[in-house]
Amino acid sequence: MTSLRLKFRSPAINIKDTLVLRFVLIFGLLWVLASLSIYYSSAQFRHDEFYQRLHTRASTAAKLLIEVEEVDASLLRKIEDANPIKLPGERITIYDYNNAEIFSTDTQDSIRMDEERFNDIRIEGEYRWRQGEVEVLGLLYTDQYERFVVVAAGQDVYGFRKLDNLRNILLTVFFISLVVIAMAARVYAGNALRPISEVVAEVNQIGISNLSRRVSEGNGKDEIATLGITFNRMLDRLQSAFESQKSFITNASHELRTPMTSVLSQVDVALLKDREAEHYKGTLQSVRDDIQELSALAGKLLLLARVDAFRETFEPIRVDSILWQAISEISRHFQNNILVDFSSDIDDEQFFTIMGNEQLIRSVLQNLLENACKYSQGKDVRVLVALGAVGLCLRVEDRGVGIAPEDLPEIGQPFYRGKNTSGFSGSGIGLNLSKKIVELHQGTFSLESRIGEGTQVSISFEYIGF
């Protein structure tokens, strides 16, 4: 048997780097979104705040020129020139109802105005636009008699400088945070994955020679503990499977070797010297019986190995028809009377129809009937067919040698035979094969026996109409 070793690549490097990368990407994305929100909010605040200042400057200038009689255009220009809180690049122009300029600090006429722009201001009441790096506000100012257009423009040098500074701070903090988060995430991922690495290391130490070894289950509560528990359950199944395989191979080799040895011995004895025809005939008959037993054993072993593959061939089958076929076959080899009783509550053929494989079900019934006939030593065998709690139930009863109480727990294991069966031929795989087939059909299998009184084997299947 080749050595089994469960090999796992350590996830410490790949998974760790992947977790760190994902964490950094998620953090980076969130930081970018947050930074964009902060920057956009700050830019919007600067925009609104600067236009509010333009609005205040335009309203103040218009009020002084239009509502204060002592102030004319010349005096207002002097006031504006001397104003210490005016905006960088500030230009204020006031137009009358004919769009004629009545006041302006824009000596270079840098703010371009046309008829369409005047109409927009008079309709909207307040109109904002941008001309190069200059932000412009058009305001409709009304007094008791006339409607004036006031245009104020300026450059928000300090506001844009603050935005540039904010952008630089956000970028700097962003890159520094990425480095810090990457380092912290690497440490955190390493600590989080360390228990998994330990489990992997323990699993890699388990092989055929130490399948009984188990991995640590930690505190038994978290995901790492669940991983350890899952591995241990898998190892339990593997250990059970390998022990069954080892036992199967050992017993199968023994069971196959016995009839082969018997055949070879009889042939060797027959060839030692010339003998009469009757002796050769008897030897051939004995060899034939051994080969027939060997063939039957090989067939059961092959069926036992392939039983799971028959699941794909399930179809509706009639159990009563298969039962009669099995009885007919067994009656050819045994002299027992096989009595069949059908329950009175079975009044429709649908109760006999199940989903399954005909060959497998026939094998089950033949094995049960063969055991009943063989161990009852010529006594009657009874088959009861009734409706059970889960479906169709068949019970095979005999009044044979029975099974000892200490043997009952082991009956059904491959190649196991009771201590009181040494005088009967058999391999000990019939019941195991039958139980496996019944369970494959989602049925139930049970056995009751008393030494010297007989054995009852019950099987049940869910019929299609149930």
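Predicted model: local features only at pLDDT ≥ 70, side-chain atom pairs only at ≥ 80, totals over all residues.
Local features need pLDDT of at least 70 and side-chain atom pairs count only at pLDDT 80 or more, while totals for chains, interfaces and linings use all residues. Residues are numbered from 1 along each chain as its sequence is written, and side-chain values use heavy atoms, with hydrogens and water left out.

Take helix α7 to start with, residues 319-331; helices here are DSSP runs of H or I with at least four residues, strands are E runs of at least two, and both are numbered from the N terminus. Buried residues (under 20% relative accessible area, 1.4 Å probe, protein chains only) in α7 are Val319, Asp320, Ile322, Leu323, Ala326, Ile327 and Ile330. Down the axis they fall within an arc of 155 degrees (taken from the directions from the axis to the C-beta atoms), so they line one face of the helix. Their cover includes β6 (315-318), β7 (338-342), β8 (353-356), α8 (358-376), β9 (381-387) and β10 (392-398), with contact meaning heavy atoms within 4.5 Å.

Over in helix α1 (residues 14-67) sits Leu29, which is exposed (over 50%) at a relative accessible area of 53%.

Glu133 lies in the loop between β3 (126-131) and β4 (134-142) and is likewise exposed, at 60% relative accessibility. Its C-alpha atom is 8.9 Å from that of Asp156, 23 residues apart along the chain.

Key:
Expected span 1.5 Å × (residues − 1).
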